[in-house]
Amino acid sequence: MTHKTALRMVAASVALALAGVSGAALAAKVPAGVQLSPKQELVRNNGSETETLDPAIAESVGANNLTRDLFEGLTATDADGKVVPGVAETWKQKDPTTWVFNLRKNAKWSDGTPVTADDFVYGWQRFLDPKTASPYASTYGTFVLNGLEVAEGKKKPAELGIKALDKYTLEVKTPYPVAFLPDVVSNLNLGPVPKAAVEKYGKDWTKPGKMVSNGAFVLKDWQVNSKVVLEKNPQYWDAKNVQLTRVTYLPVEDGYADVKLFQSGENDWVYQLPPGTYDKYKAEFPKDIRNAPMLGLRYYSFNNKDPLLKDVRVRKALSMVIDRDILAKKITADGQVPAYGVIVRGTSGADVTTYDWASWPMAKRVEEARKLLAAAGVKPGTKIKFTYNTSEYHKKMAIFAASEWKTKLGLDTQLENMEFKVLLKKRHDGDFQIARNGWVADYNDATTFLTLVQCKSDQNDNFNCNPKAEELIKQGNASQDAAKRKQLLTQAAKLVMEDYPMLPLLQYTVPRLVKSYVGGYSLKNPMDRYRSKDLYIIKH
Amino acid sequence: MLFRSKQSALAGTLDNALNNAPVEGRSPWVDARRRFFRNKAAVASMIILTLITLACIFGPMVLPHSYEDTDWEAMSMPPTTLNMHFFGTDELGRDLLVRCLIGGRISLMVGLLATIASVTIGIVWGATAGFIGGKVDAFMMRLVDMMYAVPYLLIAILMVTLLGREFYLVVLTITVFSWMDMARVVRGQTLSIKSKEYVEAARAIGVSTPKLIFRHVVPNLLGIVVIYTTVTVPGVILTESVLSFLGLGVQEPMTSWGVLIEDGTGVMETTPWILLFPAGLLSVTLYCANYIGDGMRDALDPKDR
Amino acid sequence: MWSYTFRRVLMTIPTLLLVITVCYLMLHATPGGPFDGERKVSAAVMANLQAKYHLDLPLWQQYLYYLKSLLQGDLGASFRYADWSVNDLVAKALPVSLTIGGGSLLISVLIGVLLGTVAALRQNSIVDYFVMLLGNVGSAFPSFVIGPVLILVFAIWLGWMPAGGWDGFDVRYMILPMALLTFINVSTIGRVMRGSLIEVLNSNFIRTARAKGLPLRTIVVRHALKPALLPVVSVIGPLAISSITSAVVTESVFSLPGLGKLIVNGASNRDYTLVLGLVVLVTVVAVLLNLLVDLAYALLDPKIRY
């Protein structure tokens with residue numbers, strides 16, 4: 001995300017912009033009548049070994065799951081994905097670019113010392129310091145005054161727009177109005193960091209016995225590639241509302257191994273079901289299966305600079321003939337939703353757009369697509385190269401797409417699978433024709449998806465550019481009226497997709513098995529961010 | 001990795017057996033054949049293996065399905081005579097029998113080609129080192145030792161990543177790490193042949209070194225090469241399957257037994273035939289190759305009379 | 001023999017240097033760097049990351065830098081596991097791999113020798129074929145099939161063992177992975193033992209012993225076993241190397257925190273220092289194991305002198 005895109009995020013959510021959110025403690029609410037198990041221990045698979053437990057450099061979903069349990073930022077998101085108070089009890093947008101956060105006085109580090117505004121100042125400065133080299137520095141740095149300049153080494157960390165007015169009052173300056181800042185600061189990259197521990201132990205401060213944290217849990221044990229064990233933090237200000245006493249995170253990558261651990265009772269939480277197994281496990285474990293859409297898009301990038309694909313008619317024809325219904329129902333068969341636009345359902349800030357042909361019968365779509373190809377001078381038998389990274393999931397989808405293009409358009413697709421890193425390199429370098437791609441939102445706003453198709457965006461692998469759409473996005477972001485902004489961004493999304501820069505396929509879902517006795521798991525969590533604080537074990 | 005150790009295993013035995021063996025003047029082949037046919041398991045294996053090979057070559061030509069055509073109406077179908085899906089279909093509705101046979105072609109070809117390549121390199125390397133001797137020998141054999149110390153899997157991953165996953169590159173990747181045992185064995189054998197009278201005689205009348213090696217030494221290595229080849233083939237086929245497990249196998253929609261088995265393991269509880277057929281074919285082939293290898297070893301063992 | 005040992009140990013140095021250099025070049029030639037992710041980081045952040053890990057230096061300087069820290073026993077910092085040094089990671093994974101690999105090897109030698117002996121004594125009989133059928137399971141089925149079948153039967157259907165994972169050095173977690181590796185190793189050891197015992201039984205001194213009327217049992221135990229074991233010893237080296245350092249499939253199927261897992265993850269994440277560190281370790285282990293085997297060989301075989 002660039003500085004420019006951040007500018008466009010002005011005036012996202014009106015509700016959040018309202019000053020002074022009430023600071024009532026919102027934690028694991030056990031519904032009345034639910035009997036808790038005497039043993040409050042949870043084992044959840046995290047998909048892979050975390051790259052770090054240092055909140056400043058955490059990048060992957062797995063690492064953030066852990067830091068979200070170990071630390072607490074100014075705000076947090078609850079089981080339904082809503083922003084709730086964290087260390088900050090209340091906050092206020094004093095003027096368009098100045099925010100004041102009032103910290104609760106009972107927030108403590110696990111060593112008993114209070115969490116103060118200085119801990120946040122230190123945490124933020126450290127996060128953006130080039131020496132820390134956090135991969136997310138520019139993603140969130142853009143929301144803080146001088147954030148990008150600090151990350152680029154042009155300004156000193158001390159010049160960052162964050163200041164402790166007193167021990168429990170924090171002032172944050174943004175380079176432009178950022179209405180959804182309370183949402184952004186729930187990310188632990190922007191959390192507090194215990195300066196004393198970091199300075200005492202250096203890089204080792206994240207190790208068991210050395211780490212000092214302020215979240216609902218503390219680090220008990222960390223065996224690389226084996227497990228990370230957290231225990232309830234008695235010093236946590238809201239400890240009385242934390243039910244779990246112990247959470248074990250597993251790093252199992254192999255989906256089948258994951259399910260086997262679930263079946264043999266060593267794992268309560270399958271990270272993600274292997275492709276094509278959803279129906280089977282749904283029948284086998286009807287009480288444990290959980291599946292909900294999240295803010296993510298599976299798509300294929302067209303290389304818009306490619307001699308064959310630079311013709312919009314070719315791109316349109318390729319997109320038209322993919323039967324997303326069969327793909328969703330039969331190939332991935334895990335409840336994913338067909339997608340015909342760059343914005344997915346549940347995204348705030350823009351409506352889902354679609355293509356007019358999406359509702360046509362397939363025969364008509366094929367006929368139209370053939371006409372388009374003929375008009376573009378592409379003959380049957382033409383070779384196209386499809387690149388994807390090695391994975392059962394992507395392989396199945398690729399074979400499906402190749403089969404659609406072959407049987408419906410007579411095109412000869414050559415599949416080429418490669419290691420993930422090689423695909424990334426090729427995608428970024430534009431060394432491909434059609435490539436597998438995907439995106440999961442960093443925050444809930446349409447702009448996170450629009451970065452995929454915007455001119456010169458770091459995340460645009462299609463190399464397309466629509467100046468008119470660009471202008472609409474700019475206008476939308478400048479608008480203070482949320483409804484107007486939404487209309488403009490939707491219009492932009494529609495317009496840019498008429499260029500067929502990419503081929504949207506499916507909206508992500510998270511099909512997983514979670515033991516039925518794990519309570520507090522909400523199916524309305526669009527970012528798939530589950531704090532262990534909100535979870536509990538039901539008597540079973 | 002797995003098969004590398006197996007090769008050195010047998011290489012060790014062979015080393016022992018053949019280094020000290022007198023090179024017979026009379027035809028040892030008749031004897032060997034007689035002994036081989038005494039081993040019923042080996043003979044049966046030979047027949048089965050021939051049948052599998054023929055099926056892989058000709059099966060796809062006569063069957064009505066193509067290995068790459070998907071059928072969304074017939075996904076994961078159990079074996080049936082309907083529509084001639086005798087092995088059923090895979091998760092994308094492709095005919096499993098044809099895919100098994102096509103996969104067999106690839107696996108057998110990988111086995112054969114990688115074996116030929118590594119045996120050839122091994123012979124040339126070992127014979128040269130053994131025959132020239134001295135510093136050249138020491139240097140060449142140190143290189144072999146170094147190759148043993150290299151983490152095979154890592155290099156295999158990097159090679160496939162660097163070069164791509166074309167069929168011949170998979171062969172190359174496997175070959176790079178499977179020639180050393182052969183080289184060691186051949187060197188040992190060469191050392192013993194070198195001192196034989198006929199070689200010395202040839203040298204005395206001025207035959208050049210390369211000619212000596214390839215005219216007189218190499219032909220006398222045939223016995224060991226034959227045994228060794230039968231030992232290498234199963235190891236190489238198994239290695240190909242491990243590469244497939246790591247996602248480094250041949251490119252879809254082309255397939256191999258390793259790729260098919262890897263696909264099948266995930267669904268072995270619900271649609272077991274997707275695993276059982278390719279795994280059955282692979283293991284029968286490997287068993288046969290192993291029995292034949294043992295039979296050959298026994299048959300060509302010079303002490304076994 | 002000491003000077004021989006010394007020379008062999010000395011040979012480790014050029015071996016290491018060559019292996020490191022080749023791996024180093026291959027790693028850097030492989031497309032994609034350690035910091036390429038699904039989300040492309042901005043140019044400034046990339047520069048910060050590269051500076052932090054000295055990747056902004058010219059390649060040869062990085063190489064020299066690496067060799068220098070290697071000389072000081074420092075394998076560097078891992079990119080993928082940012083909180084750990086490579087030394088830490090290796091020190092944690094090595095005991096796991098040693099336990100599983102070494103343990104299974106011991107069992108395999110016992111079972112393999114037994115099976116091989118039985119098969120050799122009944123050469124070309126139904127017993128021979130059957131024993132070898134059993135012994136060869138590990139070389140006829142890919143380990144990524146045997147492993148899941150073991151889990152299915154013993155962990156899920158019978159519920160006797162955990163389906164995977166690792167808990168300190170809890171034996172329950174070791175049984176299935178060790179069983180899998182044992183299947184693989186037994187097939188090799190069994191075949192070698194069978195072959196070499198058949199050979200020895202046909203040699204002149206055994207024939208003499210038989211002619212003297214000694215019972216077969218005495219002949220096998222007193223005279224044939226020791227020479228027949230020599231080739232078995234020579235395979236233990238390579239087997240140990242592969243069981244300890246490259247049990248990738250086993251570690252992946254059973255979710256074990258061993259060396260093989262680190263190698264594969266390191267390579268796919270372009271974790272240069274981690275991979276090189278493991279290369280160093282594997283090479284040293286390989287050289288030492290081969291040396292040990294050669295020395296053991298010399299002890300067993302009076303004909304060999306170093």
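## Contact between the domains of chain C

In this predicted model, 16 residues of domain 1 of chain C are in contact with 12 residues of domain 2 of chain C; two residues are in contact if their C-beta atoms, placed from the backbone, lie within 7 Å. On the side of domain 1 of chain C that touches domain 2 of chain C, the elements giving two or more residues are α1 (2–29) and α3 (59–71) of chain C. Helices are DSSP runs (H or I, at least four residues), numbered from the N terminus. With 10 residues, α1(C) gives the most to this side.

By class, this side of domain 1 of chain C has nine nonpolar, six polar and one charged residues. Ala, Val, Leu, Ile, Met, Phe, Trp, Tyr, Cys and Pro count as nonpolar, Asp, Glu, Lys and Arg as charged, and the others, Gly among them, as polar.

## Domain layout

Chain C is assigned domain 1 (1–72) and domain 2 (94–300), with bounds from an automatic or database domain assignment. The C-alpha centres of these two domains of chain C are 33 Å apart.

## Contact between chains C and A

Chain C and chain A each contribute 38 residues to their contact. Two or more residues on the side of chain C that touches chain A come from each of α2 (43–52), α4 (86–121), α7 (143–157), α11 (248–253) and α12 (259–268) of chain C. The largest share, five residues, belongs to α2(C). This side of chain C divides into 19 nonpolar, 10 polar and nine charged residues.

## Conventions

Residues are numbered from 1 along each chain as its sequence is written, while chains are lettered from A and ligands numbered from 1 in the order in which they are written. For this predicted model, local features need pLDDT of at least 70, side-chain atom pairs count only at pLDDT 80 or more, and totals for chains, interfaces and linings use all residues.
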